[in-house]
Structures are given as structure tokens and as C-alpha cells.
Amino acid sequence: MNPTYSSDSRRHFLRQTGLGVALAAVAGPAAALPFTETTAAMQYDDQKKLGFAIVGLGKFAQEQMMPAFKDCKYARITALVSGSPDKAKKLAAEYGVDAKNIYNYRNFDSIKDNPAVDVVYIVLPVGLHAEYTIRAAKAGKHVLCEKPMANTEKDCQQMIDACQKAGKKLMIAYRAQYEPFNLEAIARIRKGELGKVMQITADHGRIVDPTGDQADTWRVQKKLAGGGSLMDLGIYSLNAARYLTGEEPVEVTALEMSDQADPRFKEVEDRIHFTLRFPSGILATCTSSYSTEGVKRYRVFGQKAWLDLDPATDYYEHKMVIGDKDGQQQPKIKEGNQFAAELDHMAECVLQNKTPKTPGEEGLKDIRLIMAIYEAARTGKKVKV
Ligand code: NAD
């Protein structure tokens, strides 16, 4: 069993039962779980919210994203797209979605005739992101697409082009860029609290288990996942190195190690260590792994101080520690519902005709770098980007 899943499930249970809020009320703000914005969200006129169609009703959609809509001010679920009619019907009843707004993958394109849907949110395996983004754009809908954006740079570009041609927004769901602890880390770095930043380490890993978790079945298939731990988890390290520095890497090196006798790694990689060199001279050393226990952390090293987020990119319960020669402190930062913040950002961009903070181009940048990292690992040579 993967302990990451069990703690996620526990939190999911707490939230679903409302116990999270009750516990927070009893235990005080230090123990507060981030689900207390419901009242504010409910005060907002539900009919004025933008309608989202959820495409792919799997683990992440059901356990994290769909429950987050209750905390949204500008977004609500109005349609579901699934290959499983029973599951869709059950979830439609649970979320108050009209049964006539249930689609399958064959009749998905007819969503163009449904004015209740403004945004299509794609939560499918990575290898299907491009197809459904392009179909959604052709249906005249804005698109929010899960990370990583797609299997190849070419697919990413086609997604960008399709949305541009249709005059629709495209946003990639980089939730950490809407999460309060990460935003606080960026703000402190930009204010110069750490002094000049010199280096970053970032590690993301968990045990992939296709025999125990349905959601891991496609993750070990190259066609559906695009790659292994780098595509799925290393992308958090990579994206963090970019948003923490505010720079784009110019050079990458990498080493990969996968046990060829392990059936999980027949098509996708297990571990990758990669180094990024940024124009200012900052070095980032990042790792991703599918064969070690859950880790989602980074540390930023400045000339005056260092800043740790561990966990940095979890769903809840982040922790920041800042240290220097005089000691360490743990700043008090309010947890927020990053999923609701991300969904509301997408809706606000549509409502106010703004470009999303994490547009298709942001997803493409990561995929381009991921391809450079794979090339560096394959050739053993530095790759300029
Ligand atoms: P999952 O397997 O639980 O969900 C995928 C869904 O797609 C399932 O409902 C499945 O039935 C459906 N599907 C449709 N066609 C399919 C096909 N041909 N093969 C396999 N499944 C098919 O996976 P998940 O963990 O929910 O991941 C879904 C997406 O969400 C991925 O893009 C993943 O990278 C992303 N994700 C993002 C985060 C995050 O924190 N942002 C976390 C987990 C997953």
C-alpha cells in the first residue's frame, strides 16, 4: 500500500464528512484544514458562476477537484464526460448536475450545443490531453487542462494553436502556482529576504503501483503517460525551479536509472536526477522518482538565508521553514484551497478576458525542458535550451 494514498484518503474523508471544518473549530487555527471558505463561495450567486464540464472522472477529479468547486466563487460543475454511465449518473446526482449534461467520449463534440458549459476541464491521462483540448476548442469552449500538458512539444503547440484559432482561453492546471505557501515563498525571494539566490534543490517522488491503484495503470504506459516520474512528478521540481527563480534555464544535465527487470519500468523511467543552470548563475538540482516513498519538497539557498517548503506541493498541510546563521523560524501562513483558487482563476480569466497566469505556453515550456532533460539523460551530454 502506498502511504501517500492513505493520508490523502483520510483528508478526503475528513472533508467529505465536514469533519475537517469541525476539527478545525475545535482545535483552533493551527489545526485548520483549508475548507472554511464555503460560506463565502455559497454567498455568490450560483447562476452567475461559469459552467465547467469535467472530462475524466478518475481519482484526482473525484477526490480533489470536484469537491473543491464548493469553495469557488466563479466556477461550478454543469456537465460530466465519462466512459462509465453509472459513475457519471451517480456523480451527477451528488453534484446536482442535470442528467442531460452527461456526455461520453463519443458524443463529447456535441457539447458545442450546450450553453451551460463555458469551460472544459480535462482530467484525463496525459496522452489524451491534446485530443480533448483540440476537440473542446473546436466545440467553442475554453479549456483548463491538467499537467503535464501533453506527451510532445508538437501536441502542446497544436493545443495552443487550436485554442487561439477558436478565440478561447487555454490554461494548464499548475495548482502550486495558486497555492499560498508557494506564493509566499516567491514573494519572500523577490523581496530579497534570502539575499541573492544561489541554488535550489527540489525532490518529488512516490511509489508507482499499477497493481494496487487504478490511476497508476496508465502511468506506466508510455503512450498514455508520455514518460515516467519526470513527466508526472519531476515536473513539480522543474516548474518550482522556474517560478522560484523567475528565470528560464539555459542548460540541463541529467542521469536516469530504471531497473529493467521491474515490469513497471518497461516503458517509462523510474528515477531521474537533473540539473538546471539559469542565466543569473543559479543552479537547481532536482530529482524525481517512482520507487521511493512520498516526497514533495524544495529548498532555496540564498547568500543570507535558506527557505524550505516540505511538503511544498502537497494537497494540504504545507510547511515553511526559513533559516540563517542565527536560527530557524516557521512563518505562519494561512492554508488556502489551491484547487478552488485555480478554478476561480480560470473562470476570472474568461469573465474578464485576461490571459491565465499559467497559459498553454507555460505548459509547453516545461515539456520542452523535459524533452531536453530526457535527451541529456540519454546522451550523457549537457543540453542547451
Ligand atoms: P485516473 O486514472 O484516476 O483518471 C483518469 C480518468 O480518465 C479515469 O476516469 C479513466 O477512466 C479516464 N480515461 C478515459 N480514457 C482513458 C484511457 N484510454 N485510458 C485510461 N483512462 C482513461 O488518473 P488521475 O490520477 O486522476 O490523473 C488524471 C489527470 O490528472 C492526469 O493528467 C494527471 O497528470 C493529473 N493529475 C494532476 C494532479 C495535480 O495535483 N495537479 C494530481 C493527480 C493527477
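Predicted model: local features only at pLDDT ≥ 70, side-chain atom pairs only at ≥ 80, totals over all residues.
Local features are reported only at pLDDT of at least 70 and side-chain atom pairs only at pLDDT 80 or more, whereas totals for chains, interfaces and linings use all residues. Residues are numbered from 1 along each chain as its sequence is written, and side-chain values use heavy atoms, with hydrogens and water left out.

The ligand sits in the largest pocket. A pocket is an open set of points, on a 1 Å grid over the protein atoms alone, with protein on both sides within 12 Å along at least five of seven lines; a molecule sits in it if more than half of its atoms lie within 2 Å of its grid points. Around the ligand there are 21 residues, of which K59, F60, K147, R175 and W218 come nearest (a residue is near if one of its heavy atoms lies within 4 Å). This shell comprises 13 nonpolar, two polar and six charged residues, where Ala, Val, Leu, Ile, Met, Phe, Trp, Tyr, Cys and Pro count as nonpolar, Asp, Glu, Lys and Arg as charged, and the others, Gly among them, as polar. Because domain 1 (7-174 + 340-354) and domain 2 (180-335 + 367-384) both give residues to the shell, the ligand lies between them; the domain bounds come from an automatic or database assignment.

Polar contacts are pairs of N or O atoms within 3.5 Å. A polar side-chain atom of R175 is 2.5 Å from an oxygen atom of the ligand, and a polar side-chain atom of R219 is 3.0 Å from a ligand oxygen atom. For L124, a polar backbone atom lies 2.9 Å from an oxygen atom of the ligand. The ligand taken alone exposes 830 Å², and the protein buries 80% of that (Shrake-Rupley method, 1.4 Å probe).

Two cavities of 30 Å³ or more were counted. A cavity is a set of grid points where a 1.4 Å probe fits but cannot get out, and its lining residues have an atom within 4 Å of a point; points are joined across faces, edges and corners, and the volume is the space filled by probe spheres set on them. The largest cavity holds about 60 Å³, and its lining includes K147, Y174 and R175. Five nonpolar, one polar and two charged residues make up that lining. The second largest cavity has a volume of about 40 Å³; W218 and R219 are among its lining residues.

Note on methods: Polar contact = N/O pair within 3.5 Å; in protein donor to acceptor, adjacent residues only side chain to side chain.
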